[in-house]
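These entries record what I looked up in one structure.

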Amino acid sequence: RYEASAPTNFDMRENLVGADASYRVAPWVTMSGRVEQLWIDLNAGHATNLPSIEQVFNDQDAPGLTQQPRFGRYEGALEFEVPASVGDGFLQGLRTRASYARWVDHELGRFSFTRVELEAKQRFAVFRPKPRLTLHAWASTSAADAGQAVPFYLQRTLGGRGQLRSVHEEYLGSDGTRASLRGYDTFRFRGPHLVLLQAEYRIPIWTLLDATVFYDAGKVTTERSQLDLTKLRQNYGVSVSAMRGIVTAARIDIGLGGEGVQFLFSISTK
């Protein structure tokens, strides 16, 4: 799916070789790096309820639509993780991550860019030890080289569950989910810059089940100067999670307040 104003579909296949490594430099600090070579292959979509992307957009509207080069991705990241307070403390763990990635077009010289991201997730024990409040914030900004563009299929997205390349992208996510704006379709908004804010309050309702109420707000922009907290898309909703101890094994989210009612099933992240 590409661009909210004109929904389309496309087939995307990626071939990737690479390596990643991490090193804990201190009890709360981890450094990591990633080197990859990536080949993207785009083809016409097969969905019957949406037009294929090439029927609606051209290469100017969707950079990278007609040509996909071999990319090199070189990324470094620094992550801080503060453990939960002892016992029933108010602070129940903080994770922050900052990354710098360089994408190099090795064949066409048209799609090289850099990306900087900041993400944080803080949990709090509220009223009682087991119910918890989770606050999550994520900002991403990409800058193409002079005279080049960020290809549409490598731009970040908001809406629904996960990212287009979620298998290969590091993302802390909120409380046991990679979903973003849950009141909208998956991949609903796409752009080189984005900001996302999320809040969730989780309550145990049975040994193996938790219930959550959540609120999401975010947006994508074409210009970095527009990356602020005005004109955010907003939604709210509820979810039910199947638990494995204190870990979310799976969850169903019902998003409201965006565009209709959205149902999302997801398997937990960390």
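Entry 1. Before reading any volume, I noted that a cavity is a set of grid points where a 1.4 Å probe fits but cannot get out, and that its volume is the space filled by probe spheres set on those points. I also noted that the model is predicted.

Entry 2. I looked up the cavities and found three of 30 Å³ or more. The largest cavity holds about 80 Å³ of space.

Entry 3. I then asked which residues line the largest cavity. The lining includes Trp103, Arg115, Tyr153, Leu154, Arg165 and Glu169. By class, the lining residues divide into four nonpolar, three polar and four charged.

Entry 4. Is Leu154 buried or exposed? Leu154 counts as buried because its relative accessibility is 4%, and the cut-off for buried is under 20%. Leu154 and Arg165 are 11 residues apart along the chain, and their C-alpha atoms are separated by 8.0 Å.

Entry 5. On the surface, I found a nonpolar patch formed by Tyr23, Val25, Met31, Leu78 and Phe80. Together these residues have about 480 Å² of accessible area. Strand E1 (10–26) and strand E3 (70–82) each supply at least two residues of the patch.

Entry 6. With a relative accessibility of 32%, Leu78 counts as partly exposed.

Methods. Residues are numbered from 1 along each chain as its sequence is written. This is a predicted model: local features need pLDDT of at least 70, side-chain atom pairs count only at pLDDT 80 or more; totals for chains, interfaces and linings use all residues. Side-chain values use heavy atoms; hydrogens and water are left out. On a 1 Å grid over the protein atoms alone, a cavity is a set of points where a 1.4 Å probe fits but cannot get out, and a pocket is an open set with protein on both sides within 12 Å along at least five of seven lines; lining residues have an atom within 4 Å of a point. Ala, Val, Leu, Ile, Met, Phe, Trp, Tyr, Cys and Pro count as nonpolar, Asp, Glu, Lys and Arg as charged, and the others, Gly among them, as polar. Patches are made of residues with over 30% relative accessible area and no salt bridge: like charges are joined within 9 Å, nonpolar side chains (Val, Leu, Ile, Met, Phe, Trp, Tyr) within 5 Å. Accessible areas come from the Shrake-Rupley method with a 1.4 Å probe; for residues, only the protein chains shown count as cover. A salt bridge is a side-chain nitrogen of Lys or Arg within 4 Å of a carboxyl oxygen of Asp or Glu. Helices (H or I, at least four residues) and strands (E, at least two) are DSSP runs, numbered from the N terminus. Buried means under 20% relative accessible area, exposed over 50%, partly exposed in between (1.4 Å probe, protein chains only).
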